[in-house]
Amino acid sequence: MVLLTTGGGGDGFPVLNTFLVAFERRKLPEDARVVVVTGPFLSNLHFKEVHRRCRAMGFVTLKKGGGGEGEPAASGRAPRSSGGHREDWSASNRGGR
């Protein structure tokens with residue numbers, strides 16, 4: 001399992017791009033799983049490119065975000081899944097789970 005995250009994401013595209021280029025050139029083992037989590041401030045243009053490239057390699061992409069464009073995640077909300085379909089995941093921030 002490989003997890004790549006870029007924090008807030010506004011300046012994370014070069015990191016994401018470098019990671020993706022490496023695996024576009026060299027395949028991972030069949031049983032490897034990759035999850036890429038971008039931040040809420042990654043532009044929609046860059047997110048679409050990252051998502052397209054990840055999907056081509058079988059990677060899961062998540063965009064951490066809140067209710068609106070460029071808005072950070074609200075308390076108690078988890079990333080929105082973009083792994084082939086959209087669904088909002090809700091999460092408890094109460095701990096103990």
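Contact means heavy atoms within 4.5 Å. The model is a predicted one, in which local features need pLDDT of at least 70, side-chain atom pairs count only at pLDDT 80 or more, and totals for chains, interfaces and linings use all residues. Residues are numbered from 1 along each chain as its sequence is written, and side-chain values use heavy atoms, with hydrogens and water left out.

**View 1. Overall chain, with two helices and five strands.** Helices (H or I, at least four residues) and strands (E, at least two) are DSSP runs, numbered from the N terminus. Along the sequence the order of elements is β-α-β-α-β-β-β. Among contacts in the protein chain with a separation of 6 or more, 55% are between residues 24 or more positions apart. The accessible surface is about 6400 Å², and carbon and sulfur atoms hold 52% of that area; accessible areas come from the Shrake-Rupley method with a 1.4 Å probe, and for residues only the protein chains shown count as cover. Of the 97 residues, 31% count as buried, where buried means under 20% relative accessible area, exposed over 50% and partly exposed in between (1.4 Å probe, protein chains only).

**View 2. Packing of helix α1 (residues 13-25) with helix α2 (residues 44-57).** The two axes come within 11 Å and cross at roughly 20°; axes are lines fitted to C-alpha atoms, for helices over the stretch in contact, and angles run from 0 to 180 degrees between N-to-C directions. The helices α1 and α2 are therefore roughly parallel to each other (angles under 35 degrees). Their crossing is left-handed, meaning that the near helix is turned anticlockwise from the far one by less than a right angle. Helix α1 contributes F13, L16, N17, L20, V21, F23 and E24 to the contact, and helix α2 contributes H46, E49, V50, R53, C54 and M57. By class, these residues are eight nonpolar, two polar and three charged, with Ala, Val, Leu, Ile, Met, Phe, Trp, Tyr, Cys and Pro taken as nonpolar, Asp, Glu, Lys and Arg as charged, and the others, Gly among them, as polar.

View 3. Not counting residues up to four places away in sequence, T6 touches G12, V15, L16, V37, T38 and G39.

View 4. The relative accessible area of T38 is 0%, so T38 is buried. With neighbours within four places in sequence left aside, T38 is in contact with T6, G7, L16, F47, L62, K63 and K64.

Conventions
Parallel < 35°, antiparallel > 145°, perpendicular 65-115°, else oblique.
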